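Subject: Two-chain model, handover

Hello,

Here is the model we talked about. Please open it alongside the notes below.

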Amino acid sequence: MSRPRTEAEYLARLIPPSVAGTVSRRTLFRGAMGAGAALGGATLLSACGSDSSTSSATSAASGSAAASAAGGGEVSLGSNQSDDVPKKGYQALGDAYKASTGTTVKINTVQHEAFQENINSYLQGKPDDVFTWFAGYRMRFFASKGLAGDLSDVWAQLQGYTDGFKSASTGDDGKQYFVPVSYYPWAVFYRPSVWKEKGYQVPKTLDELKTLGATMQKDGLIPIAFADKDGWPAMGTFDVLNLRINGYQFHIDLMAHKVAWDDPKVKKVFSTWAELLPLHQADPLGRTWQEAAQALQTKKAGMYLLGLFVTQQMTANLDDVDFFTFPEIDPAIGADALDAPIDGFMMAKKPKDEARAKALLTWLGSKEAADVLVKSDPTLLVANSGANVSGYTALQKKSAELVGSAKNIAQFLDRDTRPDFASTVMLPGIQAFLKNPKDIDGLCKSLEQQAKTLFV
Amino acid sequence: MAASNADTPLVTSAAPAEAGGAQRGAPRSGRVQRLKGPDRLVVLTMVMVPLVLVLGLVWLPALSTVALSFTNWDGIGGLGTIKWIGLTNYENVVTIYPPFWPALRNNLLFLGVLFLIATPLGIFLAVLLDKDLRGSRIYQTPLYMPVVLSLALVGFIWQLQFSRDFGLVNAMLQAVGQQDAASPVDWYGDPNINIWAVLIASSWRHVGYIMLLYLAGLKGVDPSLREAASMDGANEVKTFFRIVFPVLRPINIIIIVITVIEALRAYDLVWVINKGRNGLELIGALVAQNVIGEASRIGFGSALATIMLVISLVFVIFYLSTVMREEER
């Protein structure tokens, strides 16, 4: 890996995520467009302005829910979007909603990590009427605990969502508890200029990937950049290998512990990963994903499997970044599943004003809200297919196509399984595997023993 | 309150002081009385406020932690949702929770290194600085500087030194040809050595702390003691170990206690580096991982915390028994 170009760049990279509010995976990409206050300010203004087409379309879309809340009043929204650009994007949403319905949206922004860490006490205390959260088990967990409000009647009015989004918003009891707003895919990123120069082809199978990796090593490149200091990035590798080797349904069953962790199929995932490890960048446990992304950025590494937010580290060369979905391993399984975490909104169990909260959620799920978000924060993919996405960059467009063509969408390991299992068992478990890839039997046995104590 | 009517010697002896003030108002009945009205209120307040604080902030949390360690609870719902599961958490901690034993080992390692290396080094530096060397103030400043910094900041500073790809340590090793640039040492990522890197950073701070405390103690030693020793022909080393060190016994005990406290509460440094994972497990960090945040394994985390409490108690009992024996003498 080369050295960073400036001292400031180097220092910025070393700040631990707990210290730097901006370095968080779910918001990084959005924050990527920078602290450009001018940009944020401009978009904010445009959203504040009397955009008559937005307003009129909005009131139509708000439908009967809004009618029952008949304008005025106030609804509170708890947001974890503490970074500059997304924060302004959410403010733009609030302002647009106020302009169209007269209802004030009071946004309470909490620092990203702190919001997640305090979610238990937050939801049991006096939560805001509407709050930001993630799809997947992480959403269903709180729904089944009775800490979130039923949004089935809101979903009856939502339009422009694929079935994938609807099922990602559905709780264990078949009711909807979540309104999806934005998402990003995980894929293998690379620099087309490097690949063109060396004549590499996008691998379609695991063998092709291995051959390509060997060629890259011969050419003096690190085939796959890799980092797992913070413990979560390698979960993405586990996810995609499990999705390719055992398929989506097995993955979801495993995440729900309907299948045992010492199942031979799980061992196969780890053994396949162990075969690929020599192609990965060495010593991942001391490296942050930002440092690994620099290996790709500086053309020292050939590929990097990460979320779309990886481009945050490559803002200077955005036109020289491309990606492909992880290649097929088993022809019977194919390569049509991937991780694409969805962010969105939920409603408190007992909102102060349920009609207004639901009216707001209906609007947030509308294509008008998605249009406001695309305009004010051009670095995310919006969930509503009806939105006007003509402003997307090439990467955004390709990301949207990739996710759109996927048959099954997983969220991410730490969103698809119990939070305690993900953070206190899987995270150290995967790190233990990376330290000692040989003891797969021991690892799987340990994971299963611990899973049994948590999934009771 | 049967004792309130009895005239204990303590109360009698306290009475004259009180009487002087009371006589100015109403004439006294002559009978020796216990504290009255406002005085009693003041005493009561002075006893009750700390008592409530100690009970509420120390004993209540400590005892509820012990109680919760026998439960399985995710922190959601009322106390009625708590399930009592006996010793299962403890059983799981010692049998199937992989980070526990490394954490215990690391905590003891911390204690050992601070106790055997950092603390003696601090004492040694204090003795040197006590010799009135030229410019000893200048030496003191850099040695004491780390103490002013929070451990979180110390972690950040050493991250700059120990970074695998950009750190000063590797760059210097490569510059003098002691390291191959193609395979740098992963100071914070390699689980076999990162605890040592942390110990260096932690000792760096600890040495300055001990040095300052000991220096203050040394300044208070009566110079005539040393003169007498040198008159009797004792050399510097002998003077220190036979005269100065025993005289500084109160300071020594404080230093032992501080070293133990620092070793047990070592947490912020590893938390800043990698949240106490991958070779940097410490019991304090494991408690935080399990209890704080979405994981919310309240019962399991409480079991870990209780284990830490028991370990601390060993040292607390040792300290208290030493201090009490001292007082008896």
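Helices α8(B) and α11(B) run roughly antiparallel to each other, because their packing angle is about 165 degrees and anything over 145 counts as roughly antiparallel. Please keep in mind that this is a predicted model. α8(B) covers residues 194–219 and α11(B) covers residues 249–264. Their axes lie 10 Å apart. The crossing of the pair is right-handed.

From α8(B), the contact uses H206(B), I210(B), L213(B), Y214(B) and G217(B). From α11(B), it uses I251(B), I254(B), I255(B) and E262(B). By class, this contact of α8(B) with α11(B) has 6 nonpolar, 2 polar and 1 charged residues.

Some context on chain B. The chain has 14 helices and 2 strands. Of its 329 residues, 31% are buried. Take the contacts in chain B between residues at least 6 apart in sequence: 61% of them join residues at least 24 apart.

Next, the contact between the chains. Chain A puts in 31 residues and chain B puts in 30. On the side of chain A that touches chain B, the elements giving two or more residues are α1 (7–14), α6 (112–117), α7 (119–124), α21 (419–435) and α22 (440–454). Which of them gives the most? α21(A) does, with 9 residues. By class, this side of chain A has 10 nonpolar, 12 polar and 9 charged residues.

Now chain A itself. Where they meet, domain 1 supplies 11 residues and domain 2 supplies 13. On the domain 1 side, α2 (25–32) and α8 (137–144) of chain A are the elements that give two or more residues. The residues of that side divide into 9 nonpolar, 1 polar and 1 charged.

The buried residues are R356(A), A357(A), K358(A), A359(A), L360(A), L361(A), T362(A), W363(A) and L364(A).

Best wishes

Conventions
Residues are numbered from 1 along each chain as its sequence is written. Chains are lettered from A and ligands numbered from 1 in the order in which they are written. This is a predicted model: local features need pLDDT of at least 70, side-chain atom pairs count only at pLDDT 80 or more; totals for chains, interfaces and linings use all residues. Axes are lines fitted to C-alpha atoms, for helices over the stretch in contact, and angles run from 0 to 180 degrees between N-to-C directions. Helices (H or I, at least four residues) and strands (E, at least two) are DSSP runs, numbered from the N terminus. Angles under 35 degrees count as roughly parallel, over 145 as roughly antiparallel, 65 to 115 as roughly perpendicular and the rest as oblique. A crossing is left-handed if the near helix is turned anticlockwise from the far one by less than a right angle, and right-handed if clockwise. Two residues are in contact if their C-beta atoms, placed from the backbone, lie within 7 Å. Ala, Val, Leu, Ile, Met, Phe, Trp, Tyr, Cys and Pro count as nonpolar, Asp, Glu, Lys and Arg as charged, and the others, Gly among them, as polar. A residue is buried if 20 or more other C-beta atoms lie within 10 Å of its own, exposed if 12 or fewer, and partly exposed in between; C-beta atoms are placed from the backbone.
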